[in-house]
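Please read these notes with the model open beside them. They are set out as numbered points.

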Amino acid sequence: MDEPNSRVKVTEVGLKPPLIKAPLYAIQEMFNHKFLIRNLVVREVRGKYRNALLGYTWTVLEPALLAIVYFFLFYMLAGNPDKLYAMWVLIGIIIWGCFGKSLQAVVSSLTRNRNTIHLVYFPRIVFPMTSLMANIVITLMSCIVVFPIMFAFDLPLTIHALLIPASVFLAGFLAIGVGILLAPLNCIYQDVEHLVRFIVRAGFFVSPVMWTYEMALERGAFGEAAMYNPMLTPITLARHGLEGHATTLPPEIIIWTISFGCAMWLIGSIIFEKYERRAVKYL
Amino acid sequence: MKGTVIQLEGVTLHFPKLKTLTTILRNLFNKKESRFTALKEIDLAIKSGEVFGLIGKNGSGKSTILRVISGIYPPDDGTCKVAGNVSLLAGIGTGFSAHQTGIENALLYGSILGHNEEEMTRKLPEILEFSELGDFIYEPIRTYSAGMKARLGLAVASAIRPDILLIDEVLGVGDPQFREKSKKRILDLVAETGTVVIVSHSFGLMKDICDRVAVINKGELIMIGTPEEAIKAYYDITG
């Protein structure tokens with residue numbers, strides 16, 4: 001096959017960089033498709049709050065209402081909790097929600113976009129990335145709720161408040177690694193989506209949303225084991241940020257969480273690149 | 001410009017069949033093929049500047065060939081080589097977001113089709129003019145009629161100027177006046193683009209614009225010839 005014109009490059013359809021490069025390739029593609037991703041994120045965020053009188057206020061309202069419910073529940077069960085307890089639950093719900101919703105959105109990102117996948121080719125890692133970013137944007141909007149809380153409870157606004165957005169990104173990072181691992185499989189068997197929904201509901205209780213790691217450590221072995229739940233780190237960091245002090249979480253736990261996230265990203269992106277093509281044939 | 005710009009060599013493509021619990025159990029007793037072969041060893045060489053048609057019955061694999069060329073389904077066997085950037089015109093308006101305005105959707109759809117921000121900003125006035133939507137362009141797209149959506153979609157899709165254009169049955173949207181206009185637009189696009197591969201059931205159009213036409217049946221390439229020869233071969237198969 002001869003080149004028709006020196007400007008035009010002959011490419012073989014379907015050639016991909018070696019799988020080992022997938023973790024970096026995915027990030028590179030994100031920058032190559034900035035405009036597309038931005039438009040898709042806007043579509044997802046707008047779509048969520050369409051035709052709502054209160055619009056984006058729901059990003060704050062939803063976790064706040066949930067926190068009130070859990071506060072009363074806990075108050076009835078345990079009686080007289082710490083006065084900051086409701087705030088812990090609220091920030092826990094926001095961070096856990098970021099992880100849970102991102103994970104579900106990433107897992108279903110290919111199936112939800114089947115029409116676009118049939119129409120045009122661009123690197124399919126764009127779809128899970130878009131789902132993740134939309135959820136991060138929504139969660140960051142929810143986080144605005146912390147300002148009135150800090151004021152009401154007389155909490156100091158310090159540099160440590162930056163732990164809150166940092167933990168949103170950490171929760172999202174954990175979600176995408178696990179999510180892209182499962183997204184291709186979900187194209188074949190949508191059982192995955194149902195299973196993930198269950199895991200997100202169950203995970204809520206084994207993550208420190210309604211309890212804190214300090215409480216867990218008082219329970220001995222169970223508490224020790226709970227420290228290795230990767231979601232413990234982002235939720236706890238956000239809580240400490242809200243309270244306005246440096247985190248007291250042991251550094252090895254933070255390192256463990258970040259390493260877990262990186263490992264999931266490496267495995268997830270390689271599995272995604274290896275199987276997405278076979279998977280989209282089922283759509 | 002001379003030479004081959006699209007080359008398919010022995011392209012075979014399979015689609016897996018979904019196994020559910022019931023089909024797995026049934027297959028224990030009654031062995032069935034677990035995959036569907038959509039394309040069987042297709043060899044095609046399309047030259048630069050050519051307008052190439054594909055005809056065949058529904059489900060024969062015409063659209064699948066376009067999807068292989070555009071990279072949606074890379075071949076399982078064989079190779080497909082392409083020189084230059086490719087754009088597939090199909091399913092006009094896929095990805096529209098009902099709650100965003102016409103302009104936002106034009107940008108969204110343009111980016112899905114592979115335009116960058118700078119290109120879209122440059123082409124936006126042309127798109128708005130061609131879509132004839134006037135002030136409706138600032139309204140959410142859910143208020144649009146089907147024809148208006150199609151007009152906006154075609155306006156965006158036809159603003160592209162790729163090296164190779166693939167067209168999959170996109171004619172015949174909107175009211176008669178617009179249909180005329182859209183046909184003309186696509187013909188202009190065909191004339192301006194270096195190489196075009198078109199799938200259509202309107203044989204009149206194929207005769208008018210195609211240099212060569214291939215007949216596809218059940219995933220196999222039956223013949224390639226002039227439009228008249230191909231249409232005759234098509235009727236021989238379908239009877």
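1. Basis. This is a predicted model, in which local features need pLDDT of at least 70 and side-chain atom pairs count only at pLDDT 80 or more, while totals for chains, interfaces and linings use all residues. Residues are numbered from 1 along each chain as its sequence is written, and chains are lettered from A and ligands numbered from 1 in the order in which they are written.

2. Chain A. This chain has 14 helices and 1 strand; helices (H or I, at least four residues) and strands (E, at least two) are DSSP runs, numbered from the N terminus. Along the principal axes, the C-alpha atoms of chain A fill a box of roughly 80 × 45 × 40 Å.

3. Burial and contacts in chain A. Of its 283 residues, 41% are buried. A residue is buried if 20 or more other C-beta atoms lie within 10 Å of its own, exposed if 12 or fewer, and partly exposed in between, with C-beta atoms placed from the backbone. Among contacts in chain A with a separation of 6 or more, 80% are between residues 24 or more positions apart; a contact requires C-beta atoms, placed from the backbone, within 7 Å.

4. Chain B. Here there are 8 helices and 9 strands, and the C-alpha atoms fill a box of roughly 60 × 50 × 35 Å along the principal axes. Buried residues are 45% of the 239 in chain B. Residues 24 or more positions apart supply 71% of the contacts in chain B with a separation of 6 or more.

5. Domains of chain B. Domain 1 covers 4-85 + 199-238 and domain 2 covers 92-161, with bounds that come from an automatic or database domain assignment. The centres of domain 1 and domain 2 of chain B, taken over C-alpha atoms, are separated by 30 Å.

6. Where the chains touch. Contacts link 41 residues of chain B with 28 residues of chain A. On the chain B side, β1 (4-16), α2 (62-69), β4 (77-83) and α3 (102-112) each give at least two residues. That side of chain B holds 20 nonpolar, 17 polar and 4 charged residues. In this count Ala, Val, Leu, Ile, Met, Phe, Trp, Tyr, Cys and Pro are nonpolar, Asp, Glu, Lys and Arg are charged, and the others, Gly among them, are polar.

7. Four strands form an open sheet in the order β1(A)-β4(B)-β1(B)-β2(B), with antiparallel pairing; two strands pair if DSSP finds at least two bridges between them. β1 of chain A and β2 of chain B are the edge strands, each with a single partner, so one side of each has no neighbour in the sheet. Within chain B, β1(B) and β2(B) are joined by 9 bridges, with Thr4(B) opposite Lys47(B).

8. A sheet within chain B. Which strands make up the open sheet of 6 strands in chain B? The order is β5-β6-β7-β3-β8-β9, and the pairing is mixed. The edges are β5 (86-89) and β9 (220-225) of chain B, each with a single partner strand, so one side of each is left without a neighbour in the sheet. Strands β3 (residues 51-55) and β7 (residues 195-199) of chain B run parallel and share 4 bridges; Leu54(B) has Val199(B) as its bridge partner.

9. Positive phi. Glu41(B), a residue other than glycine, has phi near 40° and lies in β2 (residues 35-47) of chain B. Lys218(B), likewise not a glycine, has a positive phi of about 45° and is in the loop between β8 (212-217) and β9 of chain B. Glu41(B) counts as partly exposed, with 15 C-beta neighbours inside 10 Å; Lys218(B) is also partly exposed, with 15 such neighbours.

10. Phe130(B). This residue is in helix α4 (residues 117-131) of chain B. Phe130(B) has 19 other C-beta atoms within 10 Å and is therefore partly exposed. From Phe130(B) to Ser60(B), the separation is 70 residues in sequence and 34 Å in space, C-alpha to C-alpha.

Note on methods:
Contact = placed C-beta atoms within 7 Å.
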